Amino acid sequence: MAKEFKRYLVTSALPYANGPVHIGHLAGVYIPSDIYTRYLRRRGRDVLSICGSDEHGVAITIKARKEGVSPKEIIDRYHNLIKRSFERLGMSFDIYSRTSSPVHAQTASDFFRKLYAEGKFVEKTSEQYYDEEAQQFLADRYIVGTCPHCQNEKAYGDQCEKCGSTLSPDELIAPHSALSGSPLVKRETKHWYLPLDKYEGFLREWILEGHKEWRPNVYGQCKSWLDLGLQPRAVSRDLDWGIPVPVEGAEDKVLYVWFDAPIGYISATKELTPDWERYWKDSGTKMVHFIGKDNIVFHCIVFPSMLKAHGEYILPENVPANEFLNLEGDKISTSRNWAVWLHEYLDEFPGKEDVLRYVLCANAPESKDNDFTWKDFQARNNNELVAVLGNFVNRALVLTQKYYGGEVPACGSLTDYDRETLAELQAVKATLEQNIENYRFREALKEAMNVARIGNKYLADCEPWKLVKTDPERVKTILNIALQITANLSIVVEPFMPFTAAKLLAMLRLEPLDWERIGATDLVAAGHRIGTPELLFEKIEDDVIQAQLDKLAATKEANLAVESSQNIDPQKDSISFDDFQRMDIRVSTILAAEKVAKTKKLLKLTVDTGIDRREIVSGIAEHYTPEELVGRQVLVLVNLEPRTLKGIESRGMILMGEDAVGKLVLLEPAAPVNSGAVVG
């Protein structure tokens, strides 16, 4: 039998305050969290929803250094942007706090001190990389070198972003400082470690035996970590940005961000209510962490070990982590600006908060990575929200206004078909609850939308617009039932689309209805006067979607240009002026061009070099058609030794450039000149 809980504590992964929130964050964490919280509230549960900005760590300092500002300026900017964006989207956190708050600093310091005083940490001295010019130890992200796997010369000390390999600074070839460019030395430094290996037995029993109901991706990742064997993990770092380690001998050291950040859930709750301990220290509380899959180890292995070591706190009952959401087939990337940013969406699609919420839930990466495309966004809006939900509500309300002046007609005797329809409506509640309780929000949304489908089918089958002429009494019953279905919709869609639920209630002129009333057929009383019908949703046209696709295309072009500039080949060995003088480069005119048989890349070109006519074989067939080349003036190295290719003697080389996407481009004179003109 499932355990009954007195209260609920819902936490959402703290977004990192070094950039805005994007749709990947929303689909992975915040939309599911808000659906669950709103559902619990509608059921009258005692629930707190906790979130806030994660404002410490090396990524903040890197961003600040790049922009030439203080870390405080970075976190203030993005904390305010993220908080406001969440408010505009209708996120219903009870508090959105920040880890730079005094309450958090005190809470995290007290947590550390208790574990330190009880001997829960291991103190170790190790050699770490040090930048003598900058006079500081370097975090992994400040160490750059050559990747041992793909030879990328700009790999970081924790990861190569070119091949995706996870690295340690010691694996890099020729590591150097990203701050000064200097070679690195190693110096001894002392840190405190949480010995995760000591908690392996507890974690095995608690997760592998006690929580087999967790999602397969979460359970599987935890099992993999445990099977590999846990190692002690440092809880302090040599940085000047963060919460100072509160013990003697820890000058210039701060709490490692992975230790500091999850304590942010506790400090935010403490900031919210003096009754915070009931939610964190009472076994009658159900704690649920909503996170993305990149946070599984921290919330299922590390943070529970911290809580266990402390001894006073409850552990999470579930950690429903989602997989990743991609964008138009590519991985979302903050550094490459490959994202749909929440604040930009809200500016560009005013009044369409629920469209985004709907699409991200309907397409949520609950069991595997999923892809957001603007075409799918448009299709779901037009074919589901407009054509199903909006269409039903509009017909029910408009017909009521048209036939009865907006006054709800009384329900007469029911037909068998009426009873079947109402039975379908009443069956929704149990399925909806079962899906939400088990964190299957995509299925839950389908069930909520099913109410609109039931209503659409009912009106289409009953055709009140025809019956009104022959059986007006029957039409009163049909529209009464349609209005009861509409009122039910205001309850079932609220966790998913709160703005839409509010519009429905306003049009029906009703106060919010209790969750337990789902399936009821007396939500709107006979004689009640409804408000003026308005469209819930509007079609999104092709040009709006094309503008978003063009925006992404421009981002991709800009990224390619940056990558191209970063990957420019180094200068070749110097040559003498005499060597250069020996090269004979001439403006030449292409007279004829044809593909070389049985090859993909080769073209045979006949060119007028001004000194003769000759044939040149060039590997440009994938970049130019023969028709595009005839008549073009190009630059030719005419005194290159002849080579025979596919039985054709090639006498010279056409000079080309390569653009950001690898396309070969002809080098041409800016204005026509005589063939044979010497370049030099």
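A residue counts as buried under 20% relative accessible area, as exposed over 50% and as partly exposed in between, with a 1.4 Å probe and protein chains only. By that criterion 18 of the 20 residues of helix 1 are buried, so helix 1 is largely enclosed by the rest of the structure. This is a predicted model, in which local features need pLDDT of at least 70 and side-chain atom pairs count only at pLDDT 80 or more, while totals for chains, interfaces and linings use all residues. Residues are numbered from 1 along each chain as its sequence is written, and side-chain values use heavy atoms, with hydrogens and water left out.

**Helix 1**

- Helix 1 covers residues 23-42 and bends by about 40° at Tyr30, with a proline, Pro32, following within four residues; the bend is the angle between axes fitted to the seven residues ending there and the seven starting there.
- After helix 1 comes Gly44, which has a positive phi near 80°.

**Helix 1 with helix 11**

- The axes of helix 1 and helix 11 (residues 353-362) come within 9 Å and cross at roughly 100°, which makes helix 1 roughly perpendicular to helix 11 (65 to 115 degrees counts as roughly perpendicular, under 35 as roughly parallel, over 145 as roughly antiparallel and the rest as oblique).
- Contact, meaning heavy atoms within 4.5 Å, involves residues including Asp34 and Arg38 of helix 1 and Arg357 of helix 11.

**Helix 4 with helix 7**

- The axes of helix 4 (residues 102-117) and helix 7 (residues 257-272) come within 8 Å and cross at roughly 120°, and the two helices are therefore oblique to each other.
- Among the residues making this contact are Phe111 and Phe112 of helix 4 and Ile263 and Ile266 of helix 7.

Conventions. Axes fitted to C-alpha atoms, helices over the stretch in contact; angles between N-to-C directions.
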